[in-house]
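Open the model in your viewer and keep the selection tool at hand. This tour goes from one interface to another.

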Amino acid sequence: MSRAMAFLTRRKGGDAWDWTDVFTFIWLGSAVFIMFGPALWLVLSSFKSPAQLSEFPPTLLPYEAQTVAVEGYDRLLPLFSVSDDDGTRTLAEVRRVGTVAQMVDPANPAEVQRINIANRTPVREVGFSWGNYLDPFLRFDFLNYTKNSIFVTGVATLITLLTNSMAAFALSKYEFRGRGFVVVLIIATLMIPLSVILVPLYSIVAGVGLINSLWGVILPTVATPTGVFLLRQYMLTIPDELLEAARMDHASEWQIYWRIVLPLTAPALAVLAIFSVVWRWNDFLWPLIVLSRQEVYTLQVGLNAYAGELNVQWHYLLAMTVITMIPVVLVFIFLQRFITAGIAGTGLK
Amino acid sequence: MGRIQLHDIRKSFGAIDVLKGIDLTIDEGELVVFVGPSGCGKSTLLRMIAGLDKPTFGRIEIDGTDVTARSAADRGLAMVFQSYALYPHMTVRANMAFGLQNTNMPKAEIDTRIGEAARMLEIEPLLERRPGQLSGGQRQRVAIGRAIVRRPTAFLLDEPLSNLDAELRVSMRAELSALHDRLGATMIHVTHDQVEAMTMADRIVVLRAGKVEQVDTPLNLFNRPANLFVAGFIGAPGMNLWAGQAKGVSVQLDSGALLPLPLGVRVPDGPVTLGIRPQHLRPEVGGPIRAEVRLIEALGPESVVHADMGAGGGLLAVLPGQPDLGRGAVIELGYEPQFVHVFGSDGQRLA
Amino acid sequence: MTGVKGMLGAVVTAPLGWLARLLDAPLRLWQRVAGQGGMVAFFLLPNMAIFTIFVLLPLVINIAYSMTTGAALFLPDRTYVGMGQYERLLRCTDYTNLMTCQEDQFWIALRNTGTFVVLQVSLLIVAATITALILNRALRALSFWRAVFFFPVLLSPVVVGLIWRWILDRNGVLNAALVGVGMDPVNWLLERNYAFSAAIGVTIWAQLGFFALILLAGLQAIPRDLYEAAEMDGTKPARVFWRITLPLLMPNMLVVIVLALIRAVQVFDEAYVLTGGGPGTATLFLTQYIYEVGFASLLKNPGLAAAASILMGGVLIVLTLLQLALGKRNERKGKLK
């Protein structure tokens, strides 16, 4: 952050503050707030109890009501700070009737006091409702959704890398009739989005019996023209002499692919792998169409279904949103340089 | 082992004929150099022998077996590429082992061979490094080592020295020759550098525009070039070639001089080209050649004189020592008649 | 970075390597039998088979599909109606009043999408350009600031939609802030104009970093000595921007504009999670219309959905061709340099 501050206070040159300096300052300052703020708010909110979530105005941090064990009572009693004519003190609530609460001093459990609830506030400390995170896994299907998402992401990425790199190899390192046609075909479909072919694609996936199957989600996404295009561009830069040297060295064409070309394509494969993971993890529209049974939902579809219920249980929903966000944030933190370089270089997304 | 025969090899890329019928026999253990200007087809010819390209027509035999249809992997040859083509993601050891592993050779045998080759080429300390960490000369050695461990029928070297600096090139040239003597294997070396060809070759194949111009030992090429092209290509600086008319025992040059032919040499009267190497001209008072000096390149032990014989006839002479000549001085030159080459109007050698 | 790179490379290639070893012997045999051509076919087959079945084939049969009617899923079972679906989509008794159109929902979605494209793309481009210019000034902590803007790009649309739904909730933090400064709370997602603006704002939030990054790459490719030369000539900053920066940024700018257009035309995920198309039809966009008509509504009409998707595809193809043409031109320019 000190580096950020150093940048913020850096000026265009000269001693006077140029209007561009002020503008830069404002733009970047509000950017930190607007870009990070919402995600941070999501994370903070996800630890709040349902009661706290419905508070208005909301508190910044999650709090938990304090409870205390009092002699003579089986359950833990919630603590309140009471201030009335008798002064300020901390009491535990035994039961509440209308606007009046029966309360005891934990130090003196025998004497029950009657307090107007307007005169008391709950005693709270910063605390996290971990149940928001645990319950959906234990009581709902979120564990299943997560497994499905991991399966789809992993398998689709592996198949993408394998099939795309094989095709890119054939299209970059061999001369054959129709090669130009295939390359043009792939480039031409680079930008055909899924939304244009939803209906017929659905009928084809149904035709091969993959509706409500994770494979129905995986297969239509793996033959990405983008991947073939990216890998081919990279493979074109590998000198042909290396392949010829390998041929002189008794290597079969398959060995040339996996012992020579594939390792040398590793940087491009890494970029494609990262993007494939992010793409497949985030896919929404297609899984939404193909998957209509709960047990095959991916996280994104599950979240949407959960958010669409009449009585949204925000405390669970927010926690699950955080869970869904985590892998992508991890990828972002560790591989930011790769991703930004990949985008700047290829316009991939 | 290692006798390579080419029968009428032709290669066309579309309408362009790159090789126009090459017949050649390379004997066992020979070091043959293919030399010629760029675009003459020498590298293409080497790639045909390697099996990396297929000839449009013709037959290639190795030790009497027709291998024209065989793939590169099955010809038992090894190649050193111009760029070395070392696998950048493998260590030097892995580079050398790759080809052997592909033939399912036992690991112990692979290690022995790599050890031997590494000792021979003095690259033992480099075995665990990657090509990116090596200098140009070291990469060159590794590339040769990768070929040696294969114990090939013949080595094919495609301009292997062209990426080295001048000094290193000279020493690697000598090392390659020594290596050839030591291994006794057939080697085919492609270069555009005639000094490389002259110093290394048992025999030189001079190629031009897809055709063999001459095949002979380096000294024979120098002493008795078969045609104008070889005469001009071999030797530095290039041979003086003058157009003229043969008349009896002498030749009347277009630039005016009348030069006698060697004793006992008779050529039919008519247009000829007469050639004398710059090194074979010497100062001679009253000599048959008179020319005006235009430029002198003093190299120390000898001087290259550029002179003008008049009527557009240029002349180069390499004179010993440091003759005291200035621009515009007139020199008179003579020569030993046996050093005169005469070529007919078709460019072929007459005498 | 090389460590991470190497590790990633290993993670990526290790499982493939294991598979490869298994396949080596049979493939050597296949190479002997079928030659190099056979190997090329082998390398192309998996990708091209999947590509043909799941990309090319749907593209082709989509046209046939759009000329049929009925509820049947498979093309051979469907009834041919010629251009019937297109007529239904496009027919209105009075084109000045969308409510008189036979398929008024389509027209509403079309109008919404059109408005969205114009507003979202122009605002997005302006914001991305400003961001790129500002980031280009930064020499220090650039990667931090890049991360600030880029971070939402990787988030899933569902997550983005939910984050903002939570913030824009009636009892959300934004309204709390409004109340805090003495203003009235607003029903962000339940009032037509606010909901539409929210869809625009949220999609800009999610995409800003991506486009700023491409523009930044363009800015960084402008040779520094041009600016130094301009400084030597005493050129005013505004003039430097209009005469040097903008013209040299133009190739990237055009790509960014077309890419942004292509994505805006298809807008769905974020908006759908945020508003579900509501209130009413205030944020109903084309892709959602296709989804609803083709899959979600009770009166499913896949033929109609196919026809609508072909109309949308037509727009996208024009934009894609534009992008390819621009890319080609840039490539040529690059080569000239």
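Start with chain C and chain A: together they bury about 10,200 Å², and carbon and sulfur atoms give 80% of that area. Keep in mind that this is a predicted model.

Select F43(C), L154(C) and W166(C). In chain C, these three lose the most area to chain A, together 9% of what that side buries. Now show the whole contact: 110 residues of chain C meet 115 residues of chain A.

Which residue forms a salt bridge with R137(C)? Select D21(A): the closest N and O atoms of this pair are 3.0 Å apart. The count between chain C and chain A is one salt bridge. Polar contacts link 15 residue pairs across this interface.

Next, select helix α1 (residues 2-65) of chain C. This helix gives 38 residues, the largest share of the side of chain C that touches chain A. Colour that side by residue type: 79 are nonpolar, 19 polar and 12 charged.

Move to chain B. Select domain 1 (4-232), then domain 2 (237-343). Their C-alpha centres lie 39 Å apart. Nine residues from domain 1 of chain B and seven from domain 2 of chain B make the contact.

The two domains of chain B bury about 640 Å² between them, with 67% from carbon and sulfur atoms. Select F222(B), L228(B) and A231(B), which supply 68% of the area that domain 1 buries against domain 2.

Finish on α7 (218-223) and α8 (228-233) of chain B, each supplying at least two residues of the domain 1 side that touches domain 2.

Conventions:
Residues are numbered from 1 along each chain as its sequence is written. Chains are lettered from A and ligands numbered from 1 in the order in which they are written. This is a predicted model: local features need pLDDT of at least 70, side-chain atom pairs count only at pLDDT 80 or more; totals for chains, interfaces and linings use all residues. Side-chain values use heavy atoms; hydrogens and water are left out. Domain bounds come from an automatic or database domain assignment. Contact means heavy atoms within 4.5 Å. Buried area is the accessible area (1.4 Å probe) that two parts lose on being put together, summed over both. Helices (H or I, at least four residues) and strands (E, at least two) are DSSP runs, numbered from the N terminus. A salt bridge is a side-chain nitrogen of Lys or Arg within 4 Å of a carboxyl oxygen of Asp or Glu. A polar contact is a pair of N or O atoms within 3.5 Å; within protein, one must be able to donate a hydrogen and the other to accept it, and residues adjacent in sequence count only if both atoms are side-chain atoms. Ala, Val, Leu, Ile, Met, Phe, Trp, Tyr, Cys and Pro count as nonpolar, Asp, Glu, Lys and Arg as charged, and the others, Gly among them, as polar.
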